Amino acid sequence: MPTSAMTAIHQRHSALTPTEQRIASHVLDDPQSAVENSITQLAAASGTSVASIARFTQSIGFSGYPDFRRALAAELDRSESDRERFQVSAGDVSREDDAITTIRKIAFAEASAIERTARQIDIAELERAVNAVRTARRIDIYGAASSGLAAQDLEQKLHRAGLVAQARTDLHLALTGAALLDTRDVAIAISHSGRTLEIVQSAEVAGAAGATTIAITNNPRSPLARVCDLVLVTAVSESSFRSGAMSSRMAQLAVLDFLYTRIAQADYDTIAENLQRTYNAVTAHRID
């Protein structure tokens, strides 16, 4: 069962039926009413039926409306507490916000995204990904736009750890590189939506070549998730003023840090030595 009801709605929204999407929009617009209302009241308020509400909650990963409502209530309580901690009111960044309010809202959104991602990460799936990467002959990492920045960040970390890794942010290089992988290799594909055509295609080619494929996405039912062997899911709710896009990058980086740190723990002595050697190599290029 998902730990975040709101994130579950965002993650699975594109796969919902039109009726379920209407329910989702109603809940997202006024989540407190969903907590306070019975299933009959929510059905009436959203212009749907009790059966549709039940199907909706199951479609987003809950056993039924009672479980969904409990999860949503707990999430709203956590969110209110977090907003008090960050001293922000409800709502996204607006054009009228001053500098301090803007900073607090972005900090709140990014911290919440990392916390939700950490809370719901599949530990067993993460450990399988760790084992695949640390024993791979070669690691290709695919990402476009902001996800490309995340791919480059992981490349830098794995490179310094002594692993053969390359970020492929150009489609043709990604596809040609993927075609040369085999069963000894790993391909990591990063896409918030899980629907970026170039990233999905690269993962498909890598999988067809025999490589173990790992998806990092916010949508566990996306095309990317379906074509990959392993899936690590971020937990980011969308936003109307790009703080959602910023938060998605932070959540991706958090998952990559989870992955990298577990690899470093598994091969601690070797990687610690490699990090020291690479640090020593660049020390002479610093100005005191």
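Where is the place of Thr-48 in relation to helix H4 (39–46) and helix H5 (50–59)? Thr-48 is found in the loop between these two helices, where helices (H or I, at least four residues) and strands (E, at least two) are DSSP runs numbered from the N terminus. The structure is a predicted model, in which local features need pLDDT of at least 70, side-chain atom pairs count only at pLDDT 80 or more, and totals for chains, interfaces and linings use all residues. Residues are numbered from 1 along each chain as its sequence is written, and side-chain values use heavy atoms, with hydrogens and water left out.

The predictor's confidence in each residue is expressed as pLDDT, from 0 to 100. The chain has a mean pLDDT of 90, and 92% of its residues reach 70 or more. Over residues 240–244, pLDDT stays under 50, and the model has eight contacts beyond four places in sequence for this stretch; a contact means heavy atoms within 4.5 Å. Where pLDDT is low, the predicted coordinates should not be read in detail.

Thr-48 is buried because its relative accessible area is 18%, the classes being buried under 20% relative accessible area, exposed over 50% and partly exposed in between (1.4 Å probe, protein chains only). Its side chain makes a polar contact with the side chain of Ser-46 at 2.8 Å. A polar contact is a pair of N or O atoms within 3.5 Å; within protein, one must be able to donate a hydrogen and the other to accept it, and residues adjacent in sequence count only if both atoms are side-chain atoms. Leaving aside residues up to four places away in sequence, Thr-48 touches Thr-19, Arg-22, Ile-23, Ala-43 and Ile-53.

Helix H7 comprises 22 residues (99–120) and should span 32 Å at 1.5 Å a residue, which agrees with the 32 Å between its end C-alpha atoms. The expected span is 1.5 Å times one less than the number of residues. The buried residues of H7 include Lys-105, Phe-108, Glu-110 and Arg-116.

An open sheet is formed by five strands in the order S2-S1-S3-S4-S5, with parallel pairing; two strands pair if DSSP finds at least two bridges between them. Strand S2 (165–168) and strand S5 (230–233) stand at the edges with a single partner strand each, so one side of each lacks a neighbour in the sheet. From one strand to the next, the twist averages 20°.

Strand S1 (residues 139–142) runs parallel to S3 and is joined to it by four bridges, with Val-186 of S3 as the bridge partner of Ile-139. Strand S3 (residues 186–190) also pairs with strand S4 (residues 212–217), in the parallel sense over five bridges.

S4 and S5 pair in the parallel sense over four bridges, and Leu-232 of S5 is the bridge partner of Ile-216. From S5, Leu-230 and Leu-232 point one way and Val-231 and Val-233 the other way, all of them buried.

Asn-218 occupies the loop between S4 and helix H12 (223–227). This residue counts as buried because its relative accessibility is 4%. The side chain of Asn-218 makes a polar contact with that of Thr-234 at 3.0 Å. Beyond four places in sequence, Asn-218 touches residues including Gln-11, Ser-191, His-192 and Val-233.

Methods: Axes fitted to C-alpha atoms, helices over the stretch in contact; angles between N-to-C directions.
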